[in-house]
Amino acid sequence: MKTKTIYVLFLVLTLLLTACGSNTSDETESEKEKYFTIGVIPVQTVGEMETAMDKLQTLLTEKLNRDVTVEVYPDYNGVVEAMNYDKIDMAYFGPLTYVVAHEKSGAKAIITQLIDGEPFYHSYIITHKDSPINSIDDLVANSKEIDFAFGDINSTSGSLIPSIELQDQGVFKSEDEHSFKTVRYTGSHDATALAVQNQQVGAGAIDSAIYNQLVESGKVDGSLIKTIWQSEKLFQYPWAVHKDTDDETVQKLKDAFLAIEDEEILAAFGASGFTEATDEDYESIRKAAIKQGIINE
């Protein structure tokens, strides 16, 4: 009888522990669903974007009815890896980092920004106004005398597209193999613009929309800089969701971004508004990444 009683108590305790464990798991999953995390590449120096990202975080928390966290990462690749390892639910990528993230983890583009009503921008190569370099031909002819600056090595307009142009011109293969006096990577577009403005480098590659925004905001003196090369049109930076994001959340995100009119949020991206985007919009960047061996065909 005593043995039977102990057995019954053991069964009851086992059931209770199982139930508690199940509830804990359910609660953990429930808690996880309350949060939505967004990683943002540093299109400008991280500190310059903080206030705008705080406002975006508040806006999206309200629209999604979930606690949203927006974090500006210190470099482009960090955002790709965060998506790859399921650390974030959404990301603001450059076009190149997007196609890499799509290849690695299935990230899906849903939104991009508009610049003066269009979802396009260019890669610029810029020099100081007092520089004798006035064209890409001048740059190539005088490359041995030029300190050249790219932005982040994973930037589309600050690295990929201008590096292809300079490769085709026969003066650049890599950071260690080139015809310039020196080559450096500044890490952000504003750092490149300031390096050119302050004549710390002879020329640099930059995003056209961010450059214009830096000039308009007074952070860079446009009268001290000239553009000597412009790429073909590039489709703007995408906001992409994790591959497992449900359709309802995707639609809420689209609606929220399409309705944004806050000037500070828009200015952080040099944008006049937002519009929908799809993976197909980045096919030209995917081809460029394949050409450079960044992703496989």
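How many bridges join strand S1 (residues 35–40) to strand S3 (residues 90–92)? In this predicted model, three bridges join the two strands, which run parallel.

S1 and S3 belong to an open sheet of six strands. The strand order is S2-S1-S3-S12-S4-S13, and the pairing is mixed. Strand S2 (67–72) and strand S13 (273–276) form the edges, each pairing on one side only. From one strand to the next, the twist averages 25°. Helix H3 (residues 76–84) lies across S1, S3 and strand S12 (238–241). The helix runs at about 165° to S3.

A second open sheet has five strands, in the order S8-S7-S9-S6-S10. Its pairing is also mixed. Strand S8 (182–185) and strand S10 (225–230) each have a single partner strand, so one side of each is left without a neighbour in the sheet. The twist here averages 30° from one strand to the next. Within this sheet, strand S7 (residues 147–150) and strand S9 (residues 203–207) pair in the parallel sense over two bridges.

Helix H6 (residues 156–168) lies across strand S6 (123–128), S7, S8, S9 and S10. H6 runs at about 130° to S7. Helix H8 lies across S6, S9 and S10, and runs at about 95° to S9.

H8 also contributes to a pocket. The second largest pocket has a volume of about 280 Å³. Of its 17 lining residues, Ile115, Asp116, Ala209, Glu216 and Gly270 are the closest to its centre. Strand S5 (120–121), helix H8 (208–216) and helix H10 (263–268) are the elements that give two or more residues to the lining. The largest share, five residues, comes from H8. By class, the lining has seven nonpolar, seven polar and three charged residues.

A helix–helix contact was also examined. Helix H4 (residues 95–105) packs with helix H11 (residues 283–291) at an angle of about 80°, and their axes are 9 Å apart. H4 is therefore roughly perpendicular to H11. On the H4 side, the contact involves Pro95, Leu96, Tyr98, Val99 and His102. These residues meet Ile285, Arg286 and Ala289 in H11. By class, the contact has six nonpolar, one polar and one charged residues.

How values were computed: Residues numbered from 1 in each chain as written. Predicted model: local features only at pLDDT ≥ 70, side-chain atom pairs only at ≥ 80, totals over all residues. Heavy atoms only, no water. 1 Å grid on protein atoms, 1.4 Å probe; cavity = no way out; pocket = protein on both sides within 12 Å on 5 of 7 lines; lining within 4 Å. Points joined across faces, edges and corners; volume = space filled by probe spheres on them. Helix = DSSP H or I, 4+ residues; strand = E, 2+ residues; numbered from the N terminus. Nonpolar A, V, L, I, M, F, W, Y, C, P; charged D, E, K, R; others polar. Pairing = 2+ DSSP bridges. Axes fitted to C-alpha atoms, helices over the stretch in contact; angles between N-to-C directions. Contact = heavy atoms within 4.5 Å. Parallel < 35°, antiparallel > 145°, perpendicular 65-115°, else oblique.
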